[in-house]
Structure formats: structure tokens, C-alpha cells
Amino acid sequence: MQTSTMLSQLASGMLVSIEIFVLTLLFSLPLGLLVALGRMSKSRILSGIIKVYIAIMRGTPLMLQLIVVYFAPYYVFGINISARFRFTAVIIAFSINYAAYFAEIFRAGIQSISVGQWEAAQILGYTKTQTFFKIILVQVIQRIIPPVTNETITLVKDTSLSFVLSVAEMFTIAKQIGAREASIVPLMVAGLFYFVFNYVVAFGMEYFEKRMSYFR
Amino acid sequence: MAEVLLEINNLKKTYEDGNEVLKDFSLTVKKGEVVSIIGPSGSGKTTVLRCATMLTPISGGSVAYIGKKALWEEDGKVCQASRQDMKEIKKCFGLVFQNFNLFPHYTVMQNIIDAPISVDKVPRQEAIERAKMLLERLGLSDKADHYPFRLSGGQQQRVSIARALALQPKVLFFDEPTSALDPELTAEVLKVIKQLAAEHMTMIIVTHEMQFAREVSDRIIFMEHGIVQAQGTPDELFDSDNARLRDFIGKFTS
Ligand SMILES: Nc1ncnc2c1ncn2[C@@H]1O[C@H](COP(=O)(O)OP(=O)(O)O)[C@@H](O)[C@H]1O
Ligand SMILES: [Mg+2]
């Protein structure tokens, strides 16, 4: 196999990895915020359900969750699973898993804002929703950048777990080529890719953190 | 006769933990009056303000603004005004906190104009004009674009007063507005409050600054253990022979 063929195959895997990463963040961040709000809800039932959901997401292996999400339509609803569902299943599993982690980060962030901010806003006549979106959320975002960065870096590496559903991302492809060619090189290339990817992510988050440090 | 702006009758407050903090507190404030509340720490001064501004639910009695009932007791249950009435009632008052509670992600200007714009729907340009005038009055014109963390405590408290005034409240409450400040900064905030008093702003001020209370107030209330122990004009109180009051005032006047 030519090096160029190998690289082009790895490159296509790389794009899929990036796609999984971006889509997961896109869905799990807003979902995580909703989950955090539900977790803090006055309704015991809602917050109870969400507690269980978070416990399951954090307490079981992500790899198992990927498999469960993939096979769920067949075992629960008797729907035949098409191969195209693999990618969708990966996005769903990653999104609901990361939403649980992000939710706990959001919750800690929201609860760390002094109650005085809410009270000042209430006296000034803001509604609860206005207060949350205009006053609280920006402060929360500033505070949670470091833990969110950690999760994001973990996500970059976790995308490789998609290999259990044979989604053609970086790691799956590197493993395949490596086995076929009896070579460690593809996996080393994959390792380098994850490293550089994370370097870029960390750089981006650091920039964002700087941009958000205009207030204290 | 001046209009009655605030009327609190037989206010009772028991916190969830069963702590009966206010037993029977009444207070009537007319337009243009400045009333100071003094008393030892833990006597319930903050609780009075929190009940009057609806930050905390009351356990009994009544609160009314501009002759409109806000909270009252009926068949042993506390009722409150309809949403619509409550909205109007809440526009009547502002509150200045001990620790300012400015919004840290907003500049001084944004802190002052945001509520008028997004709550009262004042046109942006008008809100800015008003804010500029307020900043001028409070000696903060050069700070409009600063974020709160760059200001001294005294400046932050003056901004929070400006933020409250921007909504043009009829009554302004202060909860120990200078307790978080050192003496030098205290003076600049007290000066601003005196200036407001001279402009006949109606104010209810919880303070430990005895000399200031004496100068600025029309009436002083001395609270202890959730009860009004004495009240009257500053001279009446400062010359009172109530032993506890004399003792208390003595501690705070050096
Ligand atoms: N949220 C609360 N829950 C229970 N007790 C409270 C609460 N807030 C204040 N208290 C109690 O009420 C009493 C009066 O407090 P406060 O009104 O803050 O007094 P002051 O402002 O005069 O120092 C104190 O004994 C205090 O411990
Ligand atoms: Mg107090």
C-alpha cells in the first residue's frame, strides 16, 4: 500500500472524527444546560429522573452506551438497523453522555453565582428568564471554561471509541490499515493527529478564556 | 399633607427554621421623608427591608405602597396583589445593597441603562442621557466605560445607587450602604445620600453611622429583637433616657 493512499484514507477518517467532535459539542452543550436546569428544578420528579440519568451516564462505560444506543431501536422497537444508523448512534450516544457531564459543570457554575445577583435583578424588575440569560449565564460561562476545556479534550480522545460501531473515523481506519499492513505506523499517525487536534482545542479554549476575562 | 408612599402594618416574619425575627413591626413613610433604622446586629433590620421589597415572603401583617395593598393577611393566610398590580407596586421602590451587587460583566453605563431599557422599555438613547446625568450628579462621569472590578468600593456603591435611581423609584431602601467600606469611602457615599435627601428623595436607611443618621433623618427607628424599641426625631432619640438606646448609640458614636 502506498503511503499516499494510506494518508488519504486516514485523512478521511480524520474528517469523520472532527465531525463527531463538532456535532457532539453542538448538541451536548445546550442539552447539558437544559439538563442542569432540570436537575435544579423544584419538581422532585424531574430532578429525580435527571439525577438517575446523570448517574447512569457517568457510572457506565461510554463504549457500552454506544452499543446500547445502536441496538436500542431493534431491541426496544423491533426496527431493523441500517448501517447508516451507526454514525447517528455515535452522535446520539456521545451527546447524551457529554450532556450529563456538562450539566454537572453548568449546575456547579450556576450555583456558584451569588444569590445577590438574582436579588439585585429581581429588585430592578427583571424576570427570572431575563435574569438568567442577561445576568447569570455570561458569568457562569466565564467560570466554567476550565472544566469545559477538560471535558472537551477528553471528548477529542473519546471520539476514538466509535470504533466499536465501526464508524469510519480516525482510530477505526488506523486500526484497520495497521492490521492489514502489519504496521504500527497508521496508529502512530492517529496518535499524532489526536495530539495536534487537542493542541488546537486547548489553544482555542485558552483564547476564549482570555476573551472572557474582561470582567471579574 | 404629603402622600403616604409606604405603609407596613403589624409585619411578622418567621423564617423556615422557626426563628421568629419580626414580631410586630409597623412603619409609615410619607413622600419626601427620610427614615433611618438603627439597632444591634441581628435585630431584624435587614429582614424588614427584605420583607418590604418582597425578597422574602412575610408571615403576617401587611405591606402597601402608594395606597395599593401589596401583601396582606386574610383568614390567617398571606395574600398578594395581582400580577398586574404587583408590577406597578414593584416599580415604586429600589434597594441598595450592602455589598453593591453590581453586574460584573456590564460596564458602569450598562449597569445603569440595562434595566430601564429591558424592563421599562425606555428608548436606549433616552436611557443613556438619563444615565449620563446621574453619573454627573454622583461624580462618576469618567467611569462610564469601566467594569465594576476596576472601581473602588465607594465608587461601586455610588454606581449601584445610580442604577437604582435610573428606574426613578418613589422610595429607595438602603441596607447598611457603607458597612463594606472604609471610612474615607464611607464619607463619599454618605455625601451622595445626603444630597438625595436634600432633593427630597424618600429613603429608608439601615445604618450604623449615627452622626449621619442624626443629620439626614426626619425620623429614626431603634430596633431590638425584632421590635421597635423607640422612635422619633433624631433629637428625641439622641437625647432619650432609654438606657438600651443610650448604650447602643454610645457604642457607635466615637
Ligand atoms: N434566611 C434566614 N433564615 C433564617 N434566619 C435568618 C435568615 N436571615 C436572617 N435570619 C435571622 O434573623 C435575625 C435577624 O437578621 P437580620 O434581619 O439580618 O438582622 P440585622 O440586619 O438587624 O442584623 C438573625 O437572628 C438572623 O440569624
Ligand atoms: Mg443587616
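Chain A of this predicted model has 8 helices and 0 strands, where helices (H or I, at least four residues) and strands (E, at least two) are DSSP runs numbered from the N terminus. Along the sequence, chain A reads α-α-α-α-α-α-α-α. The C-alpha trace of chain A spans about 70 × 45 × 25 Å along its principal axes. Residues are numbered from 1 along each chain as its sequence is written, and chains are lettered from A and ligands numbered from 1 in the order in which they are written. Local features need pLDDT of at least 70, side-chain atom pairs count only at pLDDT 80 or more, and totals for chains, interfaces and linings use all residues, while side-chain values use heavy atoms, leaving out hydrogens and water.

Two helices of chain A deserve a look together. The axes of helix 6 (residues 128-158) and helix 8 (residues 185-211) of chain A come within 10 Å and cross at roughly 170 degrees; axes are lines fitted to C-alpha atoms, for helices over the stretch in contact, with angles from 0 to 180 degrees between N-to-C directions. Helix 6 of chain A is therefore roughly antiparallel to helix 8 of chain A, a label for angles over 145 degrees. The contact residues divide into 12 nonpolar, 3 polar and 2 charged.

Turning to chain B, the residues around ligand 1 (a heavy atom within 4 Å) include B:Y15, B:D17, B:P40 and B:T47. Helix 1 (residues 45-52) of chain B gives the largest share of this shell, 3 residues. By class, the shell has 3 nonpolar, 7 polar and 2 charged residues. Oxygen atoms of ligand 1 lie 2.7 Å from a backbone N or O atom of B:G42, 3.0 Å from one of B:G44 and 2.8 Å from a side-chain N or O atom of B:K45. Taken alone, ligand 1 exposes 560 Å², of which the protein buries 63% (Shrake-Rupley method, 1.4 Å probe).

How values were computed: Parallel < 35°, antiparallel > 145°, perpendicular 65-115°, else oblique. Nonpolar A, V, L, I, M, F, W, Y, C, P; charged D, E, K, R; others polar. Polar contact = N/O pair within 3.5 Å; in protein donor to acceptor, adjacent residues only side chain to side chain.
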